[in-house]
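This report examines selected helix contacts, strand pairings and individual residues. The sequence and the model are shown first.

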Amino acid sequence: MSGDTASHGPVAVVGAGPVGLTAALVLARTGVRVTLLESREALATESRASTFHPSTLDLLDELGVAAALRRQGRTVDRVQWRDLDGGVHAELDYSLLAGHTGHPYRLHVEQARLTPLLLAELTATGLADIRFGTTVTGAEHLGGGDFGGGGAGGGTGDGVLLRTKDAAGRVTVTRHPYVLAADGSRSLLRELAGLPGTAEEYPDYALRVVTGTPLDELVPGLAPLSYVRDARASFSALGMPDHWRLIFRIPRGTDRDAILAPEAVRARVEQALPGAAGKAVRIADAHTYRLARFLLPRYRAGRVLFAGDAAHLTSTAGGLNMNCGIHDAVETGRALAAVLRGDAPGEAALDAALERRRSVVETAVIPRSEARTAGLDSTAELPARLASLARTAADPRAAVDYLLKASLLDVAPRPLKGDAHADLVSQAHR
């Protein structure tokens, strides 16, 4: 290797979700030793994000997990807008993205299917010390610099001391040249750094209804990615490998207990799926979750770097936030590896990567996510929005532009191709 990464000690990655595991794998694949810390005793299994965009699949393919993930998921080849009566306002085919991506489709599969694949690849590198049931309880910079002050860059201090506690209560202090915080929306490292962490709630929250009934067999022509836009009701329908999800926006202040009453959920589903009226739609689950936006003013505090939910949140519309977090992990991991290998003198390239990731959220992810639901409560605005979608679908150039942006292909880090990828990996073994 061009730099002696072993002399730096392991980079600590905090959090074993999709973002933390991706970052750890990117680093390890280039020869950087990693300590992965996760407070849970095992990988999370609860239902969370479930959409993987073409841009993300390209990067996961580079890491060797995209094909296995696809085998477990549902490939979505079109996006559809329709009304409650079964009429289709507009439809876009992901095949339009051929030539722009190696994966011209969207994949519906729960993130809990991805994390074991990443963990297996990370373990196979032999460069990762993986510690489940280990919670970070403190952090401080070495060699000067106030961690709580949250230095923006310039390599504050000579490294970071992390204090952790395992499930048995044993306390350990370890030294790391950098720490990558992928510890979620309630990031303790963000709190320790004194960075702001208060999210701004949107005026709505989400109701998610899960059914094992194959809705596309009950509702003719229903695509596995359908947005129902109707003056009577608007919602999203996502076909998963073994179930469907219906996602409704509920005005904040509405009584959640009343919304979740079984008879209320069934009435809402029957209104949403008139094609299934009188047929048995098995409701397996119904729950609500909040919608909020958040963006760190900077993505580093000295030698501590932030990615994923620890750095940003946005509306779940469009399924952009987790995908953006995985993109954070790839671009930040690449830049940090270059610094540690000595390929990037100083830290300018690392700071540029972090600022680029933040700018993507501010200028693309948040605006695009919010645009998906803007004006849905206005009956007056709906016809104009639907007419605009129809014009987009009828214009191949506009359709491609829409899909590129909806898939974050215009702002995602590009996968390394051929010789570039081989050279990067081979450097790790010199």
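Over how many bridges do strand S10 and S11 pair, and in which sense? In this predicted model, strand S10 (residues 159-166) and S11 are joined by six bridges and pair in the antiparallel sense.

## The three-stranded sheet

The pairing of S10 with S11 belongs to an open sheet of three strands, ordered S9-S10-S11, with antiparallel pairing. Strand S9 (134-142) and strand S11 (171-176) are the edge strands, as each pairs on one side only. With direction ignored, neighbouring strands of this sheet are turned by 25° against each other on average.

As background, strands of a sheet pair through backbone hydrogen bonds, in either the parallel or the antiparallel arrangement.

Strand S13 (residues 200-211) has nine buried residues out of twelve, so the strand is largely enclosed by the rest of the structure. Buried here denotes a relative accessible area under 20%.

S13 pairs with strand S17 (residues 283-295) in the antiparallel sense over nine bridges, and Val210 stands opposite Asp285 in S17. S13 is also joined to strand S16 (residues 244-251) by eight bridges, and these two strands run antiparallel. In S16, Pro251 is the residue that stands opposite Asp204.

## Packing of H2 against H9

Helix H2 (residues 54-62) packs with helix H9 (residues 321-341) at an angle of about 45°, and their axes are 10 Å apart. That angle makes H2 oblique to H9. H2 passes H9 in a left-handed crossing.

On the H2 side, the contact is made by Ser55, Thr56, Leu59, Leu60 and Glu62, and on the H9 side by Asn323, Ile326, His327, Val330 and Arg334. Sorted by class, the contact of H2 with H9 comprises four nonpolar, four polar and two charged residues.

## Packing of H9 against H10

Which orientation does H9 take relative to H10? H9 and helix H10 (residues 348-373) pack at an angle of about 165°, with their axes 8 Å apart. That angle makes H9 roughly antiparallel to H10, since angles over 145 degrees count as such. The crossing of these two helices is right-handed.

From H9, the residues Cys324, His327, Asp328, Glu331, Thr332, Ala335, Leu336 and Val339 take part in the contact. They meet Ala349, Leu350, Ala353, Leu354, Arg356, Arg357, Val360, Val361 and Val365 in H10. By class, the contact of H9 with H10 divides into eleven nonpolar, two polar and four charged residues. His327 of H9 is listed in the contact with H2 and also in the contact with H10.

## Two loop residues

Asp83 is found in the loop between strand S5 (78-82) and strand S6 (88-93). Leaving aside neighbours within four places in sequence, Asp83 is in contact with His89, Val228, Arg229 and Asp230. Asp83 and Arg358 lie 275 residues apart along the chain, and their C-alpha atoms are separated by 36 Å.

Leu408 is placed in the loop between helix H12 (396-406) and helix H13 (418-427). Is Leu408 buried or exposed? Its relative accessibility is 0%, so Leu408 counts as buried. Leu408 also has a positive phi of about 60°, although this residue is not a glycine.

Conventions:
Residues numbered from 1 in each chain as written. Predicted model: local features only at pLDDT ≥ 70, side-chain atom pairs only at ≥ 80, totals over all residues. Heavy atoms only, no water. Axes fitted to C-alpha atoms, helices over the stretch in contact; angles between N-to-C directions. Helix = DSSP H or I, 4+ residues; strand = E, 2+ residues; numbered from the N terminus. Parallel < 35°, antiparallel > 145°, perpendicular 65-115°, else oblique. Left-handed = near helix turned anticlockwise from the far one by under 90°. Contact = heavy atoms within 4.5 Å. Nonpolar A, V, L, I, M, F, W, Y, C, P; charged D, E, K, R; others polar. Buried < 20%, exposed > 50% of the residue type's maximum accessible area, 1.4 Å probe, protein only. Pairing = 2+ DSSP bridges.
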